Amino acid sequence: MRYFFLIFISTFALNNVDAQIYELGIFAGGSNFIGDVGATDYISPNQLAIGAIAKWNRSPRHSFRASIIYSDLEGIDSKSDDPRRIERDYSFNASILEISLGMEFTFLDFDLHSSGMKGTPYLYTGISTAYHNNFYFSPTGNRVSENTSSWAYGIPMVLGYKTNISNHLILAAEIGARYTFSDELDGSVPDSEDREQLSFGNTNSNDWYVFSGITLTYTFGRRPCYCNF
């Protein structure tokens, strides 16, 4: 993780002859989980999510983007609409640390060097990986730690709207679902193959989680030349 931050900062600190506009800022909002434990509401933030975000605006229509977000994921069967889950009454609360890299596309030109207020919807996608601790549920329904951890890789699918609120500040609101290639986030599939018999739920459907919130970024860098894009 330390080396990731060093590479991350170094990349955005470079200022060559083709320097573009950069953005650095924060993300704040909430998270909700969609899987085999708890409610299946698609957008229902119930835990705090907070992190950092950086962008390299390569043209008025696309940016390279990186983020790191920390949150808890919560699943409570008693809050589900499914009578079977309510009767089962499992629950969990697990921390994740997500790193995401990808590209952001705007629906309209978003040239930060043009005068006046401007705003545009945008899409973001790429690849994400979430660090989490592994656990499982015993036959009596108790949550048991496996004393191991894993990285859950996934694909972020984010829709948002952003606008400049000053010469150097950009405010955005977004909702981003993460489809993961893992079914271990909620303990429904133990990490150890020796506990495979304790798996439950739909083992053919992987876990999802959603971040909903706002970003506030500070822009800096020389006036860009977009002639090559």
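Welcome! Strand S1 (residues 21-34) and strand S8 (residues 208-220) run antiparallel and are joined by 13 bridges. This is a predicted model, in which local features need pLDDT of at least 70, side-chain atom pairs count only at pLDDT 80 or more, and totals for chains, interfaces and linings use all residues. Residues are numbered from 1 along each chain as its sequence is written, and side-chain values use heavy atoms, with hydrogens and water left out.

**Strand pairing**
- Strands are DSSP runs (E, at least two residues), numbered from the N terminus, and two of them pair if DSSP finds at least two bridges between them.
- Isoleucine 26 has leucine 216 in S8 as its bridge partner.
- S8 is also joined to strand S7 (residues 169-180), by 11 bridges, and these two run antiparallel.
- Glutamate 174 has its bridge partner in S8 too, namely glycine 213.

**Nonpolar surface patch**
- Leu101, Ile127, Tyr131, Trp151, Tyr153, Ile155, Met157 and Phe181 make a nonpolar surface patch of about 770 Å².
- Strand S5 (119-137) and strand S6 (143-164) are the elements that give two or more residues to this patch, and S6 gives the most, with four.
- Isoleucine 127 lies in S5 and counts as partly exposed because its relative accessibility is 47%, between the limits of under 20% for buried and over 50% for exposed (1.4 Å probe, protein chains only).

**Cavity**
- The structure holds one cavity of 30 Å³ or more, and the largest cavity has a volume of about 40 Å³.
- A cavity is a set of points on a 1 Å grid where a 1.4 Å probe fits but cannot get out, and lining residues have an atom within 4 Å of a point.
- Residues lining the largest cavity include Asn57, His62, Phe110 and Lys162.
- Strand S2 (47-59) and strand S3 (62-76) each supply at least two residues of that lining.

Methods: Patch = residues over 30% accessible without salt bridge, like charges linked within 9 Å, V, L, I, M, F, W, Y side chains within 5 Å. Areas by Shrake-Rupley, 256 points an atom, 1.4 Å probe, with all protein chains shown as cover. Salt bridge = Lys/Arg side-chain N within 4 Å of Asp/Glu carboxyl O. 1 Å grid on protein atoms, 1.4 Å probe; cavity = no way out; pocket = protein on both sides within 12 Å on 5 of 7 lines; lining within 4 Å. Points joined across faces, edges and corners; volume = space filled by probe spheres on them.
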